[in-house]
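Hi,

Here is the structure I promised to send over.

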Amino acid sequence: MEAQMANTLEQRRDDLRNTRKRNIKIELVQFCIALGLHYLCILEFALKYAMSIRRLEIKNLTKDRQSLVELARRAALSAYAPYSGFKVGAAVLMSDGTVYTGNNQENAAYGQSVCAERVALLYAQAQKPGVAPEAVAIAAIENGCLTTSPVTPCGACRQVFAETEQRYGRPVEILMTGEDVILSADSASDLLPCAFSSDTIK
């Protein structure tokens with residue numbers, strides 16, 4: 001009787017070990033699949049980014065876009081950036097031809113600082129809520145000189161761009177400028193895939 005109980009107990013232990021092994025294998029396979037999908041998503045975004053972001057020189061831009069870039073550079077000069085020393089300017093071209101500019105406004109409580117892109121874009125929408133923004137140019141100055149590399153918007157600004165596109169039902173061209181080189185994106189979705197939207201909070 002005791003031998004039978006011992007055998008039964010050992011069999012249960014073996015079954016438990018085998019079940020655990022199977023579960024570990026299943027979890028490992030699920031992890032590998034999730035990891036593979038994650039890297040596929042990254043690869044898809046990288047390929048899309050490489051195809052949708054154009055590298056230009058300012059002379060390749062149309063006259064109105066050149067003017068927009070120049071206004072963004074001028075706006076950067078008057079930015080309030082005593083803590084970082086990194087001055088950013090933005091210029092927003094509305095679909096009716098009006099242009100609004102803004103620059104970054106820093107604060108000793110760093111979280112209360114506001115980026116140039118949001119200052120300009122939100123001011124433009126506050127002034128003309130019924131007119132869609134068409135394009136935004138961004139420029140930065142550091143140590144008294146334009147940055148060599150194009151300056152790109154932070155994640156929060158990209159989300160605001162995405163919301164603006166959803167609000168007006170049209171893309172916003174984004175010109176990210178450096179001293180000589182400009183990166184041009186046709187839409188915020190090129191910079192922020194899977195952005196939050198009104199559907200996200202339903």
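**Tyrosine pairs and nonpolar cores**

Tyrosine 100 is buried, at 13% relative accessible area. Keep in mind that this is a predicted model.

I started with the aromatic rings, and a search of the whole structure turns up two pairs. One joins tyrosine 83 and tyrosine 110, and it is tilted, with 6.0 Å centre to centre and 55° between the planes. Tyrosine 83 sits in the loop between α2 and β2, while tyrosine 110 sits in the loop between β3 (99-103) and α3, 27 residues apart. Tyrosine 83 is partly exposed at 42%, whereas tyrosine 110 is exposed at 59%.

The other pair is tyrosine 100 with tyrosine 123: the ring centres are 5.5 Å apart and the planes stand at 80°, so this one is edge-to-face. Tyrosine 100 belongs to strand β3 and tyrosine 123 to helix α3, so the pair ties together parts 23 residues apart in sequence.

Now the inside. The largest nonpolar core has 24 residues, and Val92, Val136, Ile138, Ile174 and Met176 touch the most other members. Elements that each supply at least two of its residues include β2 (86-94), β4 (133-142) and α4 (155-168). Leaving aside residues up to four places away in sequence, isoleucine 138 touches Val88, Ile174 and Met176, among others. A separate core of eleven residues includes Ala135, Ala137, Leu175 and Ile182.

Cheers

Technical notes: Residues numbered from 1 in each chain as written. Predicted model: local features only at pLDDT ≥ 70, side-chain atom pairs only at ≥ 80, totals over all residues. Heavy atoms only, no water. Core = buried A, V, L, I, M, F, W, Y, C linked by side-chain atoms within 4.5 Å. Buried < 20%, exposed > 50% of the residue type's maximum accessible area, 1.4 Å probe, protein only. Helix = DSSP H or I, 4+ residues; strand = E, 2+ residues; numbered from the N terminus. Contact = heavy atoms within 4.5 Å. Phe/Tyr/Trp six-rings, centres within 6.5 Å; stacked < 30°, edge-to-face > 60°.
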